[in-house]
Amino acid sequence: MVVREGRSLVPAYDTVPTGALIRGVRRNRELAGRVLLTGVVPNIEDITEADLMTAERLHQGVEIQDVMAGFRVVIGAVRRWLIDNASGFGVDSDEALQVAQTLWGLSDAFLARAAMTFRRESIAQALADEQMRAQWALELLAGTLDSRRIDHGCDLYGLDRDALYHPFCTPTLPHDQGWRVRQELGRTSSTQAGSESQAIVAPDGGRLVGVMAAPPTHCTALVGLGPPVRLEAMATAYVVAQQVLAAATLSADHGINTVDTMSWRLAVPAHEEVSRLLLARYVDPLKTQGGFGQVVLEAVDAWLDNGRSIPQTAAKIHVHVNTLRYRLARYESLVGRTLDDTETLIELSWALLARRATSNP
């Protein structure tokens with residue numbers, strides 16, 4: 001009868017097996033009986049029946065408010081039976097009122113414990129879901145997902161199977177920046193009016209990696225972004241994202257970086273033999289000059305960064321234009337190359353970028 005009443009008052013219980021409901025009613029009825037025998041409402045921590053029932057119902061797809069409503073049905077049935085039969089057992093009205101108050105106290109304690117269990121179960125489930133999501137993204141980037149698992153992930157995480165996505169990666173982030181950067185990468189820009197881009201951001205050690213339909217307009221971390229591809233081609237594009245990040249670490253400290261923005265710089269981390277040659281040609285001769293060589297090299301670097309403008313570079317590094325001209329001339333003398341030569345400028349730019357990678361003084 002209680003099961004029928006529960007299902008009529010709480011439709012969510014229609015999907016719960018009858019046997020499970022009967023076992024739950026019996027457990028809760030026995031709990032009420034023990035409490036009534038002692039006349040003492042147990043502490044919240046001691047009501048293990050609430051843990052068991054709440055966890056069981058949540059795993060059966062019943063929402064917490066319906067779990068609580070179901071328990072009230074059971075307690076209500078017990079209370080009505082006791083009131084209806086009180087006189088037959090010689091229980092006077094004062095005792096009956098005390099019984100009712102004890103049951104309501106039990107109900108309050110039970111529901112408080114159920115709420116605690118719900119929060120714990122919800123957190124555990126959220127963590128499990130997040131771990132599954134992250135694992136799916138990592139395997140997608142590694143190229144180990146077959147078509148069926150890609151389809152399944154798209155259904156779970158709301159990705160468009162036919163859309164193009166960019167893989168991305170960051171360097172290892174300080175602990176206090178990880179959450180903010182994750183939020184920034186998750187807030188991707190709109191691809192169409194009224195439609196929100198999709199992104200999956202997953203932790204990978206101290207880094208963040210994942211896929212996104214469109215890059216955010218702003219990010220405080222350094223991000224390497226691969227070309228847009230279909231999900232089954234993500235592993236190849238992710239290699240490009242890593243190459244972009246490797247190049248970006250030599251010339252930037254934050255922002256979204258692509259093959260387009262990195263251009264020739266992509267080749268510097270990938271070709272160490274070329275870097276060694278150009279470092280020997282354009283950087284090593286300055287080592288014999290001690291501190292002055294460092295000053296000259298910094299002046300050349302600033303001159304290139306400022307479009308080879310003498311006035312702009314002099315203002316940037318706070319020296320007189322003639323001082324800057326002298327340092328540039330000394331550089332040409334030390335390396336035996338002219339800064340008017342196009343090939344020299346290309347090789348010098350490579351060497352200075354490689355110097356940052358190797359911490360070459």
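Buried means under 20% relative accessible area, exposed over 50%, and partly exposed in between, using a 1.4 Å probe and protein chains only. Keep that in mind while selecting residues in this predicted model, where local features need pLDDT of at least 70, side-chain atom pairs count only at pLDDT 80 or more, and totals for chains, interfaces and linings use all residues. Residues are numbered from 1 along each chain as its sequence is written, and side-chain values use heavy atoms, with hydrogens and water left out.

**Stop 1: a loop residue.** Select asparagine 306, in the loop between helix H12 (290-305) and helix H13 (310-317). Helices (H or I, at least four residues) and strands (E, at least two) are DSSP runs, numbered from the N terminus. Is Asn306 buried or exposed? Asn306 counts as buried because its relative accessible area is 13%. Leaving aside neighbours within four places in sequence, Asn306 is in contact (heavy atoms within 4.5 Å) with Gln312, Thr313 and Lys316.

**Stop 2: the sheet.** Now show the strands. Five of them form an open sheet with mixed pairing, in the order S2-S3-S1-S4-S5. Two strands pair if DSSP finds at least two bridges between them. S2 and strand S5 (255-257) are the edge strands, each pairing on one side only. Select S1 (residues 166-169) and S4 (residues 222-225): they run antiparallel and are joined by 2 bridges. Cysteine 169 has glycine 224 in S4 as its bridge partner.

**Stop 3: helices across the sheet.** Axes are lines fitted to C-alpha atoms, for helices over the stretch in contact, and angles run from 0 to 180 degrees between N-to-C directions. Helix H7 (residues 175-186) lies across S1, S2, S3 and S4, at about 155 degrees to S2.

**Stop 4: a helix pair.** Select H5 and H6, which pack at an angle of about 140 degrees with their axes 11 Å apart. The contact involves Met132, Arg133, Trp136, Glu139 and Leu140 of H5, and Arg149, Ile150, Gly153, Cys154 and Tyr157 of H6.

**Stop 5: tyrosine 165.** Finish with the side chain of Tyr165. Leaving aside neighbours within four places in sequence, tyrosine 165 is in contact with several residues, among them Leu159, Val211, Pro227, Leu231 and Met234.
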